[in-house]
Amino acid sequence: MYRLQANPMQLVPRIGEFENARGRVLEDAELGRLWKALDDCGAEVAATIRCIVLLGGQRIRQVVRATWQDYSRSEGRLRLTDAKGKRSHPVDHLLPVSKRVAKELEGLYAVNSGGEYIFSTTLGEKPIHDSTISSVIGQLAKKTTSNGDAFRPSDIRRTVET
């Protein structure tokens, strides 16, 4: 339609003051307060956030898309599909499932086994929306941060990676 063959903005230099790369990681005490605060959330949402942390800080969107077919109890693994970036085909990531994650998944199975999705508040019919998880994490961050610099969901990923 527009016959563009290249991004016309790629030659425009970036403005440094608007580059907002973060390096924030949660302190041990903050992570502990977050974990404890999950007790006051709905069971499915709390289990989802715990799994995100325990599975190595995986991207929320990838975790919530997981189905029961992606989980192998016998092999102790969960497959997440990564369609991020300019890939022509999504890449599968096979994650080991620890005993603690397996316990969370068993709790979710008791509620969501009638549907396709593991991480769901609709009996497995639809996945929890990633914005719901981000919003809950944001609310919990405001409650559990003591230094005024509330963390973001991406900070949890960076914390686990660190």
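How do the axes of α2 and helix α4 (residues 99-112) cross, and within what distance do they come? Here are my notes, starting with some ground rules.

1. **What you're looking at.** This is a predicted model, where local features need pLDDT of at least 70, side-chain atom pairs count only at pLDDT 80 or more, and totals for chains, interfaces and linings use all residues. Residues are numbered from 1 along each chain as its sequence is written, and side-chain values use heavy atoms, with hydrogens and water left out.

2. **The overall layout.** The protein chain has 6 helices and 3 strands. Helices here are DSSP runs of H or I with at least four residues, strands are runs of E with at least two, and both are numbered from the N terminus. Going along the sequence, you read α-α-α-β-β-β-α-α-α. The C-alpha trace spans about 55 × 45 × 25 Å along its principal axes. Of the 162 residues, 36% are buried (buried means under 20% relative accessible area, exposed over 50%, partly exposed in between, with a 1.4 Å probe and protein chains only). Now take contacts between residues at least 6 apart in sequence: 56% of them join residues at least 24 apart. Contact means heavy atoms within 4.5 Å.

3. **α2 against α4.** Back to the opening question: these two axes come within 10 Å and cross at roughly 150°. Axes are lines fitted to C-alpha atoms, for helices over the stretch in contact, and angles run from 0 to 180 degrees between N-to-C directions. On the α2 side, look for Glu44, Ala47, Arg50, Cys51 and Leu54; they meet α4 residues including Val101, Leu105 and Leu108. By class, this contact has 7 nonpolar, 1 polar and 4 charged residues. Ala, Val, Leu, Ile, Met, Phe, Trp, Tyr, Cys and Pro count as nonpolar, Asp, Glu, Lys and Arg as charged, and the others, Gly among them, as polar.

4. **α2 against α5.** Helix α2 (residues 43-54) also meets helix α5 (residues 130-144), with axes that come within 11 Å and cross at roughly 85°. That makes the pair roughly perpendicular. Val45, Thr48, Ile49 and Ile52 of α2 touch Ile133, Val136 and Ile137 of α5. This contact has 6 nonpolar residues, 1 polar and no charged ones.

5. **Aspartate 70.** Find this residue in the loop between α3 (60-64) and β1 (71-72). Is aspartate 70 buried or exposed? Aspartate 70 is buried, at 10% relative accessible area. Its side chain makes a polar contact with the side chain of arginine 79 at 2.6 Å, and it reaches the backbone nitrogen of threonine 67 at 2.9 Å. A polar contact is a pair of N or O atoms within 3.5 Å; within protein, one must be able to donate a hydrogen and the other to accept it, and residues adjacent in sequence count only if both atoms are side-chain atoms.

6. **Leucine 78.** This one sits in strand β2 (residues 77-82) and is buried at 0% relative accessibility. Leaving aside neighbours within four places in sequence, leucine 78 is in contact with residues including Leu55, Asp70, His93 and Ile118.

7. **Glutamine 62.** Helix α3 holds glutamine 62, which is buried with a relative accessible area of 6%. Leaving aside neighbours within four places in sequence, glutamine 62 touches Leu80, Thr81 and Asp82.

Notes
Angles under 35 degrees count as roughly parallel, over 145 as roughly antiparallel, 65 to 115 as roughly perpendicular and the rest as oblique.
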